[in-house]
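Here is a short briefing to read alongside the fold. Take a look at the model first, then work through the points below.

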Amino acid sequence: MLSVSGVTKKYGKNIACNNVSFHLPPGGITVILGPNGAGKSTLLKSITGFLRYDGQILVNGLDNKSVEAKRIFGYVPEIPSLYPNLTVGEHMEFIARAYRLTDYKAYATELLDRFELSDKRKKFGDELSKGMQQKLNLCLGLLPRPRLLLMDEPMIGLDPHAIKELKQLMAEMREEGRTVLVSTHMIDSIDMLWDRTLIMQGGVLRADVTREQLEKDGERLEDLFFAITEGAAEGSEAT
């Protein structure tokens with residue numbers, strides 16, 4: 001479903017992503033873990049085509065910047081980018097038209113109900129609280145029922161009910177054979193959810209493990225994460 005090959009992104013002399021490669025088959029929930037500044041958001045923005053980079057990214061065999069690929073995946077950015085002069089309902093309609101969706105209204109209503117936004121349909125984007133903006137942000141990313149969903153720190157600012165619903169929706173996507181890629185630095189937020197984890201540090205992909213592999217080795221994700229990231233930090237300070 002997603003193939004990332006030798007992706008490198010530089011900002012001047014700073015290398016945000018350094019020769020990152022991995023492949024995600026259809027289905028499952030993959031989490032990108034890493035401390036702030038590890039390159040997680042840069043990698044996601046490269047996959048969406050928002051950034052220029054060296055390397056190759058394919059979505060279901062299609063170039064990630066092609067229109068055909070963009071119809072397959074959805075993206076939930078870390079910071080909601082809403083239109084101040086569109087209502088909640090109009091935002092949903094805008095996405096539906098952009099993706100050329102038909103017969104979407106029942107699902108749009110379901111999403112707004114699940115994230116407790118149904119009574120906010122006529123509220124403008126700039127009238128929503130930060131938490132409500134994030135919930136609408138999620139609804140917009142989920143509405144096209146993407147085969148690949150990319151999410152950057154999706155649980156920040158959410159209330160417990162919204163977190164529960166998001167986790168349930170992710171589990172439903174997995175059951176339907178769709179692929180979820182989540183970037184976060186909060187390990188406990190995805191502890192019981194992930195099938196596979198990519199750990200980044202300093203722009204480098206330092207680990208690519210499945211839950212099955214980790215359990216077979218008798219390791220905990222938290223222990224592996226700190227062994228890699230803190231060990232890498234100590235090593236860089238020593239050189």
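What follows covers the overall fold, the surface and the nonpolar cores.

This is a predicted model, in which local features need pLDDT of at least 70 and side-chain atom pairs count only at pLDDT 80 or more, while totals for chains, interfaces and linings use all residues. Residues are numbered from 1 along each chain as its sequence is written, and side-chain values use heavy atoms, leaving out hydrogens and water.

**Overall fold**
- The chain holds 8 helices and 10 strands, counted as DSSP runs (H or I, at least four residues, for helices; E, at least two, for strands).
- Its radius of gyration, 18 Å, is close to the 18 Å that the globule rule gives for 239 residues, so the chain is as compact as a globular protein of that length; the radius is taken over C-alpha atoms, and the rule is 2.2 Å times the number of residues to the power 0.38.
- The C-alpha trace spans about 55 × 35 × 30 Å along its principal axes.

**Surface**
- Of the 239 residues, 49% are buried (under 20% relative accessible area, 1.4 Å probe, protein chains only).

**Nonpolar cores**
- The largest nonpolar core has 46 residues, and Met92, Leu143 and Met151 touch the most other members; such a core is a set of buried Ala, Val, Leu, Ile, Met, Phe, Trp, Tyr and Cys residues joined through side-chain atoms within 4.5 Å.
- A second, separate core of 25 residues includes Leu2, Val59, Ile72 and Leu150.

Methods: Buried means under 20% relative accessible area, exposed over 50%, partly exposed in between (1.4 Å probe, protein chains only).
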